[in-house]
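Here are my notes on the model, as numbered points. Please read them with the structure open.

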Amino acid sequence: EEKGFEFIEKYQDKILFGLDICTEIDPCHLPGWLDKHYLAGNISESAYRKICRENAIKMFKLQD
């Protein structure tokens with residue numbers, strides 16, 4: 001996971017949260033994983049906010 005945290009910090013401006021891979025058979029564990037590691041201090045607040053919300057707002061021009 002340590003390499004994953006490094007990747008997240010390095011590319012936080014380019015990562016978007018997505019749920020398109022979830023099914024009833026294969027539930028999505030990403031939301032819980034992100035929350036857990038943000039709260040544990042493994043992911044910065046900046047990266048967490050960008051991945052969960054801010055990058056999508058910017059990409060899809062959802063706010064002026």
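1. Buried face of H3. This is a predicted model. Its helix H3 buries Ala47, Tyr48, Lys50, Ile51, Asn55 and Ile57. These buried residues pack against two partners, helix H1 (2–10) and helix H2 (30–39).

2. Length of H3. Helix H3 covers residues 45–59, 15 residues in total. At 1.5 Å a residue it should span 21 Å. The end C-alpha atoms are 19 Å apart, which agrees.

3. H3 is bent by about 55° at isoleucine 51. Isoleucine 51 is also one of the buried residues of this helix. Just after H3, lysine 61 has a positive phi of about 50°.

4. Which residue forms a salt bridge with lysine 50? The partner is aspartate 13, with the closest N and O atoms 2.7 Å apart. This pair ties together distant parts of the chain. Aspartate 13 sits in the loop between H1 and H2, lysine 50 sits in helix H3, and 37 residues separate them.

5. Cover on that pair. Is lysine 50 buried or exposed? Lysine 50 counts as buried, because its relative accessibility is 18% and the cut-off is under 20%. Aspartate 13 counts as exposed, because its 53% is over the 50% limit. Check both side chains on screen.

6. The pair within H3. Arginine 49 and glutamate 45 also form a salt bridge, at 2.8 Å from N to O. Both residues lie in helix H3. They are 4 residues apart, about one turn of the helix. Arginine 49 is partly exposed, with a relative accessible area of 45%. Glutamate 45 is partly exposed too, at 39%.

7. Glutamate 6 forms a salt bridge with lysine 3. Here the closest N and O atoms are 4.0 Å apart. A salt bridge is counted within 4 Å, so please treat this pair as one that rests on the cut-off. The two residues are 3 apart in helix H1, so about one helical turn separates them. Glutamate 6 is partly exposed at 44% relative accessibility. Lysine 3 is exposed, with a relative accessible area of 65%. The structure holds 3 salt bridges.

8. Nonpolar surface. Which residues make the nonpolar surface patch of about 430 Å²? They are Leu16, Met59, Phe60 and Leu62. Phenylalanine 60 lies in the segment after H3. Its relative accessible area is 53%, so phenylalanine 60 counts as exposed.

9. The chain overall. The secondary structure comes to 3 helices and 0 strands. From the N terminus on, the order is α-α-α. Along its principal axes, the C-alpha trace spans about 35 × 30 × 20 Å. Of the 64 residues in the chain, 20% are buried.

10. Contacts and surface. Take contacts between residues at least 6 apart in sequence: 59% of them join residues at least 24 apart. The accessible surface of the chain is about 5,200 Å². Carbon and sulfur atoms account for 56% of that surface.

How values were computed
Residues numbered from 1 in each chain as written. Predicted model: local features only at pLDDT ≥ 70, side-chain atom pairs only at ≥ 80, totals over all residues. Heavy atoms only, no water. Expected span 1.5 Å × (residues − 1). Bend = angle between axes of the 7 residues up to and from the residue. Buried < 20%, exposed > 50% of the residue type's maximum accessible area, 1.4 Å probe, protein only. Contact = heavy atoms within 4.5 Å. Salt bridge = Lys/Arg side-chain N within 4 Å of Asp/Glu carboxyl O. Patch = residues over 30% accessible without salt bridge, like charges linked within 9 Å, V, L, I, M, F, W, Y side chains within 5 Å. Areas by Shrake-Rupley, 256 points an atom, 1.4 Å probe, with all protein chains shown as cover.
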